[in-house]
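Here are my notes for you to read alongside the model. Have the sequence and the 3D view open as you go.

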Amino acid sequence: MSLVDLQREVARRRTFAIISHPDAGKTTLTEKLLLYGGAIHLAGAVRAKANQRHTTSDWMEIEKQRGISISSSVLQFEYQGVQVNLLDTPGHKDFSEDTYRTLTAADAAVMLIDAAKGVEPQTRKLFEVCRMRGIPIFTFMNKLDRPSRDPLDLLDELEKVLGIRTYPMTWPIGAGDRFKGVYDRHAREVLLYQTEGEANVKGRLAPKGVSGVDDPAFIQLLAGPEGDADEAKELHDQLRSELELIEMAGDAFDKNQVLAGQLSPVFFGSAMNNFGIERFLQRFIEMAPAPAPRTTVDGPIEPIDPRFSGFIFKIQANMDPSHRDRVAFMRVCSGKFTRNMSVNHVRMKKEVKLSRPLNFFAQERVIIEEAWPGDIVGLLDTTGDLRIGDTLCERAQFEYEGVPRFSPEHFVSVMILDPMKRKQLKKGLEQLAEEGVVQIYKQRGLGDKDPILGAVGALQFEVLQFRLKAEYGVDVRIERLPYIHARWVTGAGLDADYFERREDSRCLEDRDGQPVILFKSDWGLRWAQENYKALQFHKTAPMVQG
Ligand code: G4P
């Protein structure tokens, strides 16, 4: 491999994830993006594949029963010479920690918002993780073909609720029945919306002052051949005044702020009608960053460092029940990955040969021969040696900063139905926790007995119960506990007994012995934060390596 090849491959990669609330249109947008990339030939193929998947991987009965996708995959496509890696984040409302972890492998995020609804809870949570990482966030306001909220109001909400400043790249002209298209502020042209087919008919809005406020050609364009001229004039005037307002009162465009995740470029459109998507994709490809240096415990490593390196951000077991296998998803961070290469497994201090690297396109496995920084490789982990947060690297011993564990919001206690199976339960829980299905907390003084489990999404407990039975032969009863927050606590003078005694909190220990306090209410958490200033309450815990 030459350095020139490596530089070229790094420069032409964009790795991102879509963050959204269920039903905002993530599947629809993904389908449309893939169409532009020519990766699939039929609209609907993502969904069709999702259904088909049950025939190749029915390891999750619940997946079938609920008709949702629990496993996430990576979609790769090429657009105008750029290699796009779209990390698919599980989209059901009972999403899991995997969704968060996937974001640690992304270099940018697309925040998809239903323009009738605005910022919804799941979007907010995922946004916070992106914010924590400081990655650029692009916003796509979807479903403009339906009655939508005032666009200024939507931007205002992003700024107030999420605390991110915005720069509209396009601006909608009407909405719902009156949706005429979007105005591209950079190209200074309108993309007209038609309900059928490609809608990228272009027309220019005369610069202000050239043809006055009234712009007959533009109005004509909005009205169309048989359209309503009065309505078109009204929409034109509204567009003019809204554009003036955002020019005057809005933020200026600043690419550095975009890259720092402080300013979100905003686009409007309709994924279902394939409107505004291509323009979005073009601008996204131009602005989104190629893989950047990543932090290791010994300082940053450049993607063009010739030594291959990567880290594991997700583990999935038993995707294929006939093989009972375990796949570790690795994000390549530097150098070139090639099949059969031997690399250092830094945590275990041993060399491993990566002979079965897999690419997952909608669950179809293809062995890959090579991969570059920004790419995701599935590694068949036959020995069970790989864990979330592990670093694999060539001719070096550095470790990437661990993938954090995220604060759960759902908690249960587990009761075993057959006490003879305690050993299996312990093993099952340990392995499933290692995969990140749930987090295990110990009750103080009880050791491994009667652990309390936490998960980011409540569905994970059903997954756990199902897999304990299917894979470890253990029947358990699960009982919900009324806590909604968990915080890792650091700082001086924690009185664990006190928090354990209080009616609305518990003090437990995580698997590394770090104290974790559970709270039943927002109020209880706030109260503790205000009254115990010497303590810090953390939403994430660094993954302790080794
Ligand atoms: P998700 O993955 O984010 O959960 O959302 P998904 O794409 O499944 O879309 C959720 C619903 O919203 C779907 O309707 C989809 O057709 C619709 N939708 C997506 N984008 C747009 C858009 O731009 N405009 C309008 N009007 N609707 C949109 P559904 O009725 O739940 O499913 P389906 O029967 O259409 O498949």
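**Notes on the model**

1. Let's start with helix α9, residues 229–249: its 21 residues reach 30 Å from the first C-alpha to the last, close to the 30 Å expected at 1.5 Å a residue. That expected span is 1.5 Å times one less than the number of residues in the helix. Helices here are DSSP runs of H or I with at least four residues, strands are E runs of at least two, and both are numbered from the N terminus.

2. Before going on, two bits of bookkeeping. This is a predicted model, where local features need pLDDT of at least 70 and side-chain atom pairs count only at pLDDT 80 or more, while totals for chains, interfaces and linings use all residues. Residues are numbered from 1 along each chain as its sequence is written, and side-chain values use heavy atoms, with hydrogens and water left out.

3. Which residue caps the N-terminal end of α9? That's Asp 228, with a side-chain oxygen 3.0 Å from the backbone nitrogen of Asp 230. Further along, the buried residues of α9 include Leu 235, His 236, Leu 239, Arg 240 and Glu 242. Buried means under 20% relative accessible area, exposed over 50%, and partly exposed in between (1.4 Å probe, protein chains only). Among the elements covering the buried residues of α9 are α7 (151–162), β7 (170–173) and α8 (216–223).

4. Pro 172 and Leu 235 are 63 residues apart in sequence, yet 9.9 Å apart in space, C-alpha to C-alpha. Leaving aside neighbours within four places in sequence, Pro 172 has contacts that include Leu 239, Glu 242 and Phe 268; contact means heavy atoms within 4.5 Å. Pro 172 counts as buried because its relative accessible area is 5%.

5. Now look at Arg 13 in strand β1 (residues 13–20). Is Arg 13 buried or exposed? It is buried, because its relative accessible area is 4%. Its side chain makes a polar contact with the side chain of Glu 9 at 2.7 Å. A polar contact is a pair of N or O atoms within 3.5 Å; within protein, one must be able to donate a hydrogen and the other to accept it, and residues adjacent in sequence count only if both atoms are side-chain atoms. Arg 13 also touches Gln 83, Trp 372 and Asp 375, among others.

6. On to the ligand, which has 15 residues around it, the closest being Asp 23, Lys 26, Thr 27, Thr 28 and Asp 145. The protein covers 69% of the 700 Å² of accessible area that the ligand has on its own. Accessible areas come from the Shrake-Rupley method with a 1.4 Å probe; for residues, only the protein chains shown count as cover.

7. Finally, zoom out. The protein has 15 helices and 33 strands, and 55% of its 546 residues count as buried.

Technical notes
A residue is near a molecule or strand if one of its heavy atoms lies within 4 Å of it.
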